[in-house]
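Reader: I would like to go through this model feature by feature. Please give the general idea each time, then the case at hand.

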Amino acid sequence: MFPLRALLVYYNRTLFKTFNPTNVFHIKRTLHLQRPPLLRRTDVRWTGLRHSSGSVAASGEDAFFKWFLLLIPATTFGLGTWQVKRRQWKLQLINELTRLTTAEPIPLPADPQDLSSLEYRRVRVRGRYDHAKELYILPRSPVDPEKEAREAGRLSSSGETGANVVTPFHCTDLGITILVNRGYVPKQKIPPERRTKGQVEDEVEVVGVVRLTETRKPFVPNNDPERNRWHYRDLEAMADATGALDVFIDADYGSTIPGGPVGGQTRVTLRNEHMQYIATWYGLCAATAYMWYAKFIKKIKL
């Protein structure tokens with residue numbers, strides 16, 4: 001609200017300073033007071049012509065500022081309309097992601113090339129984990145979809161940090177090894193010997209969400225495969241480090257093994273603050289449009 005208030009104050013001051021009639025009256029008084037006591041007729045004509053030309057120039061300048069200031073409400077109206085369209089697009093995207101992550105799981109395609117168009121699609125696999133080649137994506141905080149929806153766009157966190165455990169998974173039905181993000185563990189349980197109960201050796205079924213490789217974002221550190229410290233999803237490098245295919249799924253919460261990492265760590269909550277932007281821009285448009293109307297149409301002194 002502070003930028004909106006500041007812009008309104010500046011807009012009001014601009015109108016007042018530019019078109020204050022007191023300034024015009026003062027200029028006229030100064031011209032008359034400084035008129036020489038004795039003037040030739042030619043001087044009088046020249047002075048009158050100069051004054052007339054100055055009035056025309058001032059009138060043209062006033063008209064320019066009048067229509068120039070109208071750009072402010074026009075521009076804010078355009079920005080508000082653009083935010084309406086952005087909000088519609090964002091809601092459609094959120095609905096599509098929600099549909100994909102809640103749909104009935106399908107079998108994992110045998111050809112990894114088919115996964116390029118299946119990101120966020122739920123799939124089902126069956127096989128065994130290779131716990132000796134665990135990878136750790138860190139730092140991570142546990143996913144709470146409801147909380148993230150409330151705090152979307154805020155620079156805040158839960159305060160709890162840990163890692164996501166990525167484990168090679170040999171699919172017995174397909175005969176291939178993929179990467180599975182088993183889920184979140186707190187910092188003190190990152191070492192596997194502190195969660196031995198969840199390190200199952202038996203064959204299990206996993207339902208998860210297909211994820212594609214990730215590009216490193218600004219200010220995110222580089223991955224360090226030698227120290228097993230991963231900060232973003234680089235499927236090619238992860239596959240080289242484990243001997244698996246560059247196929248990656250996030251296990252859902254239902255695939256959580258007691259004592260092991262907590263599944264369901266797929267973040268699908270998108271920042272959606274467009275309604276606030278709509279209210280801000282349209283509010284600013286209404287305020288500045290009224291001030292312009294009051295000053296130039298109703299001739300109200302602001």
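Reader: Which residues of helix 6 are buried?

Author: First, the basis. This is a predicted model, in which local features need pLDDT of at least 70 and side-chain atom pairs count only at pLDDT 80 or more, while totals for chains, interfaces and linings use all residues. Residues are numbered from 1 along each chain as its sequence is written, and side-chain values use heavy atoms, with hydrogens and water left out. Buried means under 20% relative accessible area, exposed means over 50%, and partly exposed lies in between (1.4 Å probe, protein chains only). Helices (H or I, at least four residues) and strands (E, at least two) are DSSP runs, numbered from the N terminus. In helix 6 (235–242), the buried residues are L235, M238, A239 and T242.

Reader: How are the buried residues of helix 6 placed around its axis?

Author: The arc is taken from the directions that lead from the helix axis to the C-beta atoms. In helix 6 the buried residues fall within an arc of 100°, so they line one face of the helix. E236 and D240, on the other side, are exposed.

Reader: What covers the buried residues of helix 6?

Author: Contact means heavy atoms within 4.5 Å. The cover includes strand 3, strand 4, strand 5 (176–186), strand 6 and strand 7. After helix 6 comes G243, with a positive phi near 80°.

Reader: Is strand 6 largely enclosed or open, and why?

Author: Seven of the eight residues of strand 6 (residues 204–211) are buried, so the rest of the structure largely encloses this strand.

Reader: Which strands pair with strand 6, and in what sense?

Author: Two strands pair if DSSP finds at least two bridges between them. Strand 2 (residues 122–129) pairs with strand 6 in the antiparallel sense over six bridges. Within that pairing, G127 has V204 as its bridge partner, and R124 has V207. Strand 7 (residues 248–251) is also antiparallel to strand 6, over four bridges, with G208 opposite A251.

Reader: What other strands does strand 2 pair with?

Author: Strand 1 (residues 106–107) runs parallel to strand 2 and is joined to it by two bridges; here I106 stands opposite V123. Strand 4 (residues 162–171) runs antiparallel to strand 2, with three bridges between them. In this pairing G127 stands opposite C171.

Reader: Where does V165 lie, and is V165 buried or exposed?

Author: V165 is in strand 4. Its relative accessibility is 0%, so V165 counts as buried. Leaving aside neighbours within four places in sequence, the contacts of V165 include E134, L135 and Y136, as well as V180, R195 and P261. From V165 to P192 the C-alpha distance is 9.7 Å, with the two residues 27 apart in sequence.

Reader: Which residues other than glycine have a positive phi, and where do they lie?

Author: Most residues other than glycine have a negative phi, and most peptide bonds are trans. F219 has a positive phi, near 75°, and lies in the loop between strand 6 and helix 6. At 85% relative accessibility, F219 counts as exposed. N228 has a positive phi of about 60° and lies in the loop between strand 6 and helix 6.

Reader: Which residues does a cis peptide bond join?

Author: The cis bond joins L138 and P139, with omega about -5°. P139 is in strand 3 (residues 135–140).
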